Amino acid sequence: SKAVKPIALRMCMELATMIRQEFPGRSLSGIGGIETGADAAQFLLLGSDTVQVCTGVMKFGYELVKPLCDDLLRFMEKHAFETLEDFKGASLPYFTTHARLVEMQAERK
């Protein structure tokens, strides 16, 4: 559930980047801490093609699904996205590794 979400987002970002570079055309399903439409949007923004919900449904029941979908649709409307493809992976260019941040800091000194 929520405790694994930061780790799952990082893994999603790394896998999506690798898939784009080495395995184009393959898909990625994000999972780990998804309980809201905002959670789903974060995984999609980091390159997931689909998202899976497990613990959230175990905790809150299947009633979680409709509000999650409605929330994701509101996010899409707010940002004028018509399809998931319109924003899938859009955040990837803004991420880097900690090691790269250290390198960039050293370069600026």
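In helix H4, the residues Leu-68, Leu-72, Phe-75 and Met-76 are buried, where buried means under 20% relative accessible area, exposed over 50%, and partly exposed in between (1.4 Å probe, protein chains only). Seen down the axis of H4, these buried residues fall within an arc of 100°, so they line one face of the helix; the arc is that of the directions from the helix axis to the C-beta atoms. The model is predicted: local features need pLDDT of at least 70 and side-chain atom pairs count only at pLDDT 80 or more, whereas totals for chains, interfaces and linings use all residues. Residues are numbered from 1 along each chain as its sequence is written, and side-chain values use heavy atoms, with hydrogens and water left out.

Helix H4 comprises residues 65–78; helices (H or I, at least four residues) are DSSP runs, numbered from the N terminus. The face of H4 turned away from its buried side carries the exposed residues Lys-66, Glu-77 and Lys-78. Just after H4, Ala-80 takes a positive phi of about 60°.

The aromatic residues may now be considered. A search of the whole structure finds three aromatic pairs; rings of Phe, Tyr and Trp (its six-membered ring) pair if their centres lie within 6.5 Å, and planes under 30 degrees apart count as stacked, over 60 as edge-to-face and the rest as tilted. Phe-75 and Phe-81 form a tilted pair, 6.0 Å centre to centre with 40° between the planes. The rings of Phe-81 and Phe-87 have their centres 4.8 Å apart and their planes at 25°, so this pair is stacked.

Definitions and conventions. Helices (H or I, at least four residues) and strands (E, at least two) are DSSP runs, numbered from the N terminus. The expected span of a helix is 1.5 Å times one less than its number of residues.
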